[in-house]
Amino acid sequence: MATITTPRKSVAVNPLKQSQPLGAALAFLGLKGVMPLFHGSQGCTAFAKVMLVRHFREAIPLSTTAMTEVSTILGGEDNVEQAILTLVEKSKPSMIGLCTTGLTETRGDDMTGILQTIRKRHPELHDLPIVFASTPDFKGALQDGFAATVTSIMKELPRAGETRCNQITLLIGSAFAPGDVQEIKEIVAAFGLHAIAVPDLSLSLDGHLDGDYNTVTTGGTTLAELREIGSSVYTLALGESMRAAAETLEAQFGIPYEVFTSLSNLDAVDSFLEGLADLSGLPVPDKYRHQRSQLQDAMLDTHFFFGRKQVSLALEPDLLWSTVHFLQSMGAEIRAAVTTTKSPLLEQLPVETITIGDLEDFEQLAIGSDLLIGNSHLAAIARRLHLPLYRLGFPIFDRLGNGQRCTVGYRGVMQLLFDLGNLFLEQEEAQTRH
Amino acid sequence: MKLTQGKINELLSESACEHNHKKDGKGKNKSCTQVAQPGAAQGGCAFDGAMIALVPITDAAHLVHGPIACAGNSWGSRGSLSSGPMLYKMGFTTDLTENEIIFGGEKKLYKAILEIKERYNPAAIFVYSTCVTALIGDDLNAVCQKAAEKTGVPVVPVNSPGFIGSKNLGNRVGGEALLEYVVGTREPELTTPYDINLIGEYNIAGELWNVLPLFQKIGIRVLGQITGDGRYQDIACAHRAKLNVMICSKALINMARKMEESYGIPYIEESFYGVEDMNRCLRNIAAKIGDSVLQGRVEQLIASEMEKLNEALLPYRKRLKGKRVVLYTGGVKSWSIISAAKDLGIEVCATSTKKSTEEDKARIKELLGKDGIMLEKGNAQELLRVIAQTKADMLIAGGRNQYTALKARIPFLDINQERHHPYAGYEGLVELARELDEALHSPVWQQIRKPAPWEIELPSVED
């Protein structure tokens, strides 16, 4: 059981947290043909876009209602309307993902009302879904904005339908990278299940080269798939933050769900596969039985390097949870855990204290560690503390391949073991040479 | 600095900016004053611009008064380099919560400034307001003044809520803050007749370090670096310089003009990109403040640099000759880079003139030749169309368009503030040549344009 502390100070120094709208954008980007739209000043969009472009090294569709001082005082309705009409004309999206920002939440724009008026005034938009999520910058963090958006998508798009006994819905939280999503989908498909993954970043931000230039996402969950979610027989919520979205589906369509808080250690992958075997009525495929034995062998080879190692983490709650469990499953110890926002998981984490704070807090707490884990902003801290850094989370500017990174399933866990194990190994060799 | 509508209008209609020189009401470029279009706007906000202009002051703390997005999505990621202090790379924000939105954020801001002073002891603290703190009516100036009195450290309010306008306007807001609170507040230990300020050079990727040694060689001293690799103290003394040299930017022209008015410092507009421009820059500085001795030293330096440069560029010139590029970038860079490209034997077949002034455009026309295309407006699709139409070999543009080009399988070079390579000065031109050569001649192009063997249609058997 962990004690949660929030340092009492007036200034955040080197923030770890990213804002809710950024999370919303990321969630929307996992839908096909979508144009995410921030209702705020043009800077809100520009900053988020730069972050996403630098992390994924991809073109990122993201637009703005371009609020000005005057429109903020008068209300944003005209800007929202004009933005939607312009996007429809120029980009022909099959969906628009609208979210608020600190600016428009402070002003208090009545978004439901605004959308109703726009719909009334423009019957031609009838077939265009506009999914709305409320994501003020002054509350929560990226993970919350992502979760709120998935919940909105689940509330607004699925339709009731006859249950299909091999169709399941995967709600995939912000802790999972496109490479993770791809691995998860492959595992599920190996059980003969037809999965609708939401959001499906593995088709949009995975990094792939295709034909023409596009102003909206070229891959992701399609609108047709989203509509059919009401026919799924089960929901697998991946990451605690996906619980609310799964509950929405249960409330609307009576679809039962299970939350998997991690897919990044042997036990976690075991129970996921067991769950899939139960759902499908099929045995675990040979491929995964073999992979499991490979992972166990890798655990043997690497455990020398993990035992009693002191690791400090700065990650969002869901990712913190799965990474802490992974490390502890290998005998490593948690020196410091800093996170961005509240989560029911935090108290249950088997570490002494968890700090909801910034990287100034982290830098002090991490002294004496063997390894740091977190986003690229930790690089400067790692240099100052002369410690190795494993980059995980968002944003990662100084490493390639963020769209393909996979740390889930037996194979992903094995890769994670090797990557971290090599860092420990390198450190030990450097020390013996001195 | 109180940011009234009058002040904003003044910055928008900056008289020294050629965008505002009406020619019978025609030909006026509206890029400074144009309002961002909902659904179409792409650029950053005024807050972004203010930070771009001021964050390169390396020994200051830059505190963002607002909710997490403004600082959280931007801190530490700007490309300006420092030769010393690293404080400017740290992200400070009041990270406002719902509580302060309702009850006001002034108290938290005041305490935040005190905490920064206590823990980091900065040379100065720049405090940036944002949309939200402007909206809830926090009195930035009053809090900064009180905190400055309490801490004894300069606390500079920068009234830069994003919604007042574009990045360009934000640059000027940053400049205004320097004029009002910093420049002229201290005296330099010594002055020389050869003191200049550089204005609008942000030391992206260390570009300044390609140029400073040149100044040193001829005996020019850069007093205030505004703001690349800048120090608070030096900028505070900048009013004692003999000449302001504006680099590649109309954005801080308000500073140059007002320093001329207040301190009688003349200014010239120069560029560090390309041989011609670099030479001209050195000559113009010498002509403005120097005597024949200094001018002689400049000619000597140019001659020796040119010799070295020609030798270094020889292999690249051969490989780059006749290559065709499309250039998409703002303002002055639209012509200064053409000039650099021409030095390398590269043909610029199209360039953007979106943010260029009439004067810029005239220069572009001259440099481009008769077949060159001037892109008045541009989005990704338009760019790709022009590249196809002109059969260009590559796109040179800002990072935002990197994936526009790459996804279309077109070589790309980043020229804006996110770039990682310094292209200024003589050494910079060699770097530019090397990067262009690498981008154009990489073996990947052939491979990524090649269809899979099973996608190649065979001629049908019946023929």
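Me: Which residues of α1(A) meet which residues in α7(A)?
Reply: In this predicted model, A:Gln20, A:Leu22, A:Gly23, A:Ala24, A:Leu26, A:Ala27 and A:Phe28 are the α1(A) residues in the contact, and on the side of α7(A) they meet A:Leu142, A:Asp144, A:Gly145, A:Phe146, A:Thr149, A:Val150 and A:Ile153. Sorted by class, that contact holds nine nonpolar, four polar and one charged residues.

Me: And at what angle do helix α1 and α7(A) pack?
Reply: Helix α1 of chain A, which covers residues 20-28, packs against α7(A) at about 45 degrees, and the two axes are 6 Å apart. The crossing of α1(A) and α7(A) is right-handed.

Me: What about α4(A) and α6(A), which hand does that crossing have?
Reply: That crossing is right-handed. The axes of α4 (residues 77-91) and α6 (residues 111-121) of chain A come within 10 Å and cross at roughly 50 degrees, and α4(A) and α6(A) are therefore oblique to each other.

Me: Which residues meet there?
Reply: From α4(A) there are A:Glu77, A:Val80, A:Glu81 and A:Ile84, and they meet A:Met111, A:Ile114, A:Leu115, A:Thr117, A:Ile118 and A:Arg121 in α6(A). By class, the contact of α4(A) with α6(A) consists of six nonpolar, one polar and three charged residues.

Me: Switching to chain B, how far apart are the axes of α12 and α18?
Reply: The axes of helix α12 (residues 275-289) and helix α18 (residues 425-441) of chain B are 9 Å apart, and the helices pack at an angle of about 170 degrees. That value is over 145, so α12(B) is roughly antiparallel to α18(B). In the contact, B:Val275, B:Met278, B:Asn279 and B:Leu282 of α12(B) meet B:Gly425, B:Tyr426 and B:Leu429 of α18(B), and by class this gives five nonpolar, two polar and no charged residues.

Me: OK, now the two chains together: what area is buried between chain A and chain B?
Reply: About 4,800 Å² is buried between chain A and chain B, with 61% of that coming from carbon and sulfur atoms. The contact draws 55 residues from chain A and 61 residues from chain B.

Me: Backbone next. Where are the cis peptide bonds in chain A?
Reply: A cis peptide bond joins A:Val198 and A:Pro199, with omega about -15 degrees, and A:Pro199 is in the loop between β8 (194-198) and α9 (223-227) of chain A. A cis bond also joins A:Phe394 and A:Pro395, with omega about 0 degrees, and A:Pro395 lies in the loop between β15 (389-391) and α16 (409-433) of chain A.

Me: And is phi of A:Arg57 positive or negative?
Reply: Phi of A:Arg57 is positive, near 55 degrees, in a residue other than glycine. The residue A:Arg57 lies in the loop between α2 (42-56) and β4 (63-64) of chain A. As background, most residues other than glycine have a negative phi, and most peptide bonds are trans.

Definitions and conventions
Residues are numbered from 1 along each chain as its sequence is written. Chains are lettered from A and ligands numbered from 1 in the order in which they are written. This is a predicted model: local features need pLDDT of at least 70, side-chain atom pairs count only at pLDDT 80 or more; totals for chains, interfaces and linings use all residues. Side-chain values use heavy atoms; hydrogens and water are left out. Axes are lines fitted to C-alpha atoms, for helices over the stretch in contact, and angles run from 0 to 180 degrees between N-to-C directions. Helices (H or I, at least four residues) and strands (E, at least two) are DSSP runs, numbered from the N terminus. Angles under 35 degrees count as roughly parallel, over 145 as roughly antiparallel, 65 to 115 as roughly perpendicular and the rest as oblique. A crossing is left-handed if the near helix is turned anticlockwise from the far one by less than a right angle, and right-handed if clockwise. Contact means heavy atoms within 4.5 Å. Ala, Val, Leu, Ile, Met, Phe, Trp, Tyr, Cys and Pro count as nonpolar, Asp, Glu, Lys and Arg as charged, and the others, Gly among them, as polar. Buried area is the accessible area (1.4 Å probe) that two parts lose on being put together, summed over both.
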